[in-house]
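Thanks for coming, everyone. Have a look at it first.

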Amino acid sequence: MAEIVKYNEEELIEKQGFDDHFHEHHEGDKYQTSFIFKYIFSMDHKIIARQFLITGMFWAFIGGAMSLIFRLQLGFPAENFAWLKPLIGRWILMDEATGMGTLDPQFYYALVTMHGTIIVFFVLTAGLSGTFSNLLIPLQLGARDMASPFLNMLSYWFFFLSGVVMFYSLFLSTGPFSGGWTAYPPLSALPQASSGSGAGMTLWLVSLTLFVVSVLLGGINYITTVLNLRTKGMTLWRMPLTIWAFLVTAIIGLLSFPVLVSGFFLLMFDRGLGTSFYLSDIFVQGQALDFVGGSPILYQHLFWFLGHPEVYIIILPAMGIVSEVLSVHARKPIFGYKAMVYSILAIAFLSFIVWAHHMFMSGVNPFISNFFVIFTLIIAVPSAVKVFNWITTLWGGNIRLNTPMLFAIGFVSMFISGGLTGIFLGNSAIDIQMHDTYFVVAHFHIVMGVAAMFGMFAGIYHWYPKMFGRFMNETLGKLHFWITMIGAYAIFWPMHYIGMAGVPRRYYRFDGFEAFGQFTTMNQFITIAAIIVFAAQVLFIINFFWSQNKGRKQTTKNPWEATTLEWTTPIEAGHGNWEGNIPSVHRWAYDYGKDGNDFIPQIVPLSDKEKAEELHH
Amino acid sequence: MEAVASRYNRTTNKIHPLKFALWIAMASITMMFGAFTSAYIVRRSAGNWLEFELPSIFFVSTIVLLISSLVLHTSFKSYVAGKEARYKNLLLVSFVLGIAFLVLQYQGWIALFNNGIDLKGNPSGSFIYVLTGIHALHIIGGLAAMVVGLLIAYTRKFKITEKRKINFDLTLTYWHFVDLLWVYLLIFLYISR
């Protein structure tokens, strides 16, 4: 029997909610008074989320623009780049006689390195998990703010400082670090190894150490908040999948980033104090250095012990966001909620025991490689569980094809395409051919770069009303989606073919190699696609800022008709999020299409019939 | 901070959220030292490894640090029991012992150096300098927290408040942690030279 649930939201929160006397204490009100403390040195999680988002977008623009410059070089190595001179100055080498401008090869390496560092750390770690963990953890759990708003503020400002240092390194006369985002020694350990290995590398290390501090401060806060500040009735098994994803992401970060720092410390000792942890038997310009007994493989172990979990730090928040967005806009409960949680946990666990698959060709013992191959391939199991659950959530759903939903579906597509090539690369035998080729580039860009960006876009379009009280423009949003979706495949699909033919990554130009000459047009095609996709992102940025003042106004509290708590706050939620009581929770986050109701929010108490069913189970 | 405390009152936590946060931070630090010691094992098994005796002064410093930890614990108990003078004095003693630990560690470095083990030589020696050095940084962090505690003890009126109690408790927990961390490092270095 269909039984339509009727409720008045405000009345429910008033009657059922929890009175924590929050507004009697005026707590935190003092840091809300002036402009500086309200918007700049803010301790309110909603403001900090927006700070992370906008800083992340700034870095995404820089990192994306860098990729355009090196894509131009790869697509059109023989062209005259003199027109880039106003932008990057003396990194364009001018030939006086012909007026030809070419990209400085050293700067090409710097661009590739910075593109990786910026996108992986600043955009997809801080920009993605920083933004949405901050915004959603307190709002979806029914908390007034983070466990420590002060540490939360510090977390943002350490990130900001780390960005300032990295940005400064772009303008050094010797250029930023240019030895690849993984910073393998000896290029990273010897200041004389390349021009970017001196001051550029020092600043790179300082910047990333500050960044790790930011991640740790943020992570401590996220975990503490999730485990300690949930509202009444919000048991762990009633949490939305977004929160599960952010929780596990923070745990992975806290366990893996310190290992990176220890690797960095040893690197700093090698650079500055003459130890030989990573260095042995090195000749620079015919001169033997007196470093003896170290091993660069040691650095690789320490780096990838973070590096591999890092890809899940990037993808898990996107997975959480996508699960939520798919369920809301398909008007169906997420399929296999518990299986989703267990697969997040399984992925997190496995992420710590597969790091050496990045090192199959570094000279690690092939028998040890077998161990890592097996665990790498096992990751396909929880990943496939998640993919099937997303698809079955869509199956028979009453789908709203709006921009957030399109990006969420796009995420699933990208994750499948990129995930399948991971099965190739996870095999140490196939890796002999594939390692360090464009196949690897294609794989990780689709599965980690594009997919995580799609998750982030889905989140931005979906929670934009929560952040700014307005909607982003749908037409521009859909245009953004379709260009990005088709364009991203146009960029990375051909790279698989190039990679299978053995074209190595990180090369400055290929027209000198007879074997790779046949790919000239393909490289041009990729470059043109990249320019178009970048233009679509500019469209997104315009839409983002334009909509803040001109977008369609949010008129109801719950425009997407979602069940979760963040949509029960006032449209312009002030400090403390809820004006009166904190809502209490009576059910899980996915009661869509239940007993003839389109959706039942988490704050609605169980009906008598539901109570009877609960007892029955 | 009073305001923060009130925010936590609504939940029935078995553990104070800030203390919980400290435990997470300590897990994180443990991972870092875990990485150092596994790097040590990996490097040692690769051969070309110089073996030498640990300076005995490291054992003296260990005892000093253990006593400091014990004294701070007693100081905390005295604070909770309201014994003002005892709490203040013991806090100071514990702080001085902490400084003494650092001085002794430095003496240990000098002993190593005189023994011909310098930072730049064989990685087996470099590792000792790195491990003790970075552990010393964590000790300095604990001492900084104790300085704040001392300032409060000697400049403010004696009062038993929830806020001071939790702050003291956090300092104490951290101090025990860096203490245990050093014991772990010492045993590790002693066993796997």
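Start where the two chains meet. Chain A puts 36 residues into the contact, and chain B puts in 31. Keep in mind that this is a predicted model. Its scores are ipTM 0.88 and pTM 0.93.

Which elements of chain A give two or more residues to the side that touches chain B? They are helix H8 (199-228), helix H9 (241-272) and helix H10 (296-330). H9(A) has the largest share, with 9 residues.

Besides giving residues to the side that touches chain B, H9(A) packs against helix H11 (residues 337-350) of chain A. The axes of H9(A) and H11(A) are 10 Å apart, at an angle of about 15 degrees. That makes the two helices, H9(A) and H11(A), roughly parallel. Their crossing is right-handed.

Who makes that contact? From H9(A) come Leu241(A), Trp244(A), Ala245(A), Val248(A), Ile251(A) and Ile252(A). From H11(A) come Met340(A), Val341(A), Ile344(A), Leu345(A) and Ala348(A). How do these residues divide by class? The contact of H9(A) with H11(A) has 11 nonpolar residues, no polar ones and no charged ones.

Now step back to chain A as a whole. It is divided into three pieces. Domain 1 takes in 1-17 + 553-617, domain 2 is 35-294, and domain 3 is 320-336 + 346-551. Between domain 1 and domain 2 of chain A, the C-alpha centres lie 40 Å apart. These two domains do touch: 16 residues of domain 1 of chain A meet 15 residues of domain 2 of chain A. On the domain 1 side of that contact, the classes are 7 nonpolar, 7 polar and 2 charged.

On to chain B. Here we have 6 helices and 0 strands. Read from the N terminus, the order is α-α-α-α-α-α. Along its principal axes, the C-alpha trace of chain B spans about 60 × 35 × 20 Å.

Helix H3 (residues 57-81) and helix H6 (residues 162-191) of chain B have axes that come within 10 Å and cross at roughly 160 degrees. Parallel or antiparallel? H3(B) and H6(B) are therefore roughly antiparallel to each other. H3(B) passes H6(B) in a left-handed crossing.

The residues on the H3(B) side include Phe58(B), Leu65(B), His73(B) and Phe76(B). On the H6(B) side, look for Lys165(B), Asp169(B), Trp175(B), His176(B) and Trp182(B), among others. By class, the contact of H3(B) with H6(B) has 13 nonpolar, 4 polar and 3 charged residues.

Last point: how far can you trust chain B? Its mean pLDDT is 90, and 93% of the residues score at least 70. Where pLDDT is low, the predicted coordinates should not be read in detail.

That's my tour. Over to you.

How values were computed
Residues are numbered from 1 along each chain as its sequence is written. Chains are lettered from A and ligands numbered from 1 in the order in which they are written. This is a predicted model: local features need pLDDT of at least 70, side-chain atom pairs count only at pLDDT 80 or more; totals for chains, interfaces and linings use all residues. Domain bounds come from an automatic or database domain assignment. Two residues are in contact if their C-beta atoms, placed from the backbone, lie within 7 Å. Ala, Val, Leu, Ile, Met, Phe, Trp, Tyr, Cys and Pro count as nonpolar, Asp, Glu, Lys and Arg as charged, and the others, Gly among them, as polar. Helices (H or I, at least four residues) and strands (E, at least two) are DSSP runs, numbered from the N terminus. Axes are lines fitted to C-alpha atoms, for helices over the stretch in contact, and angles run from 0 to 180 degrees between N-to-C directions. Angles under 35 degrees count as roughly parallel, over 145 as roughly antiparallel, 65 to 115 as roughly perpendicular and the rest as oblique. A crossing is left-handed if the near helix is turned anticlockwise from the far one by less than a right angle, and right-handed if clockwise. pLDDT is the predictor's confidence in each residue, from 0 to 100.
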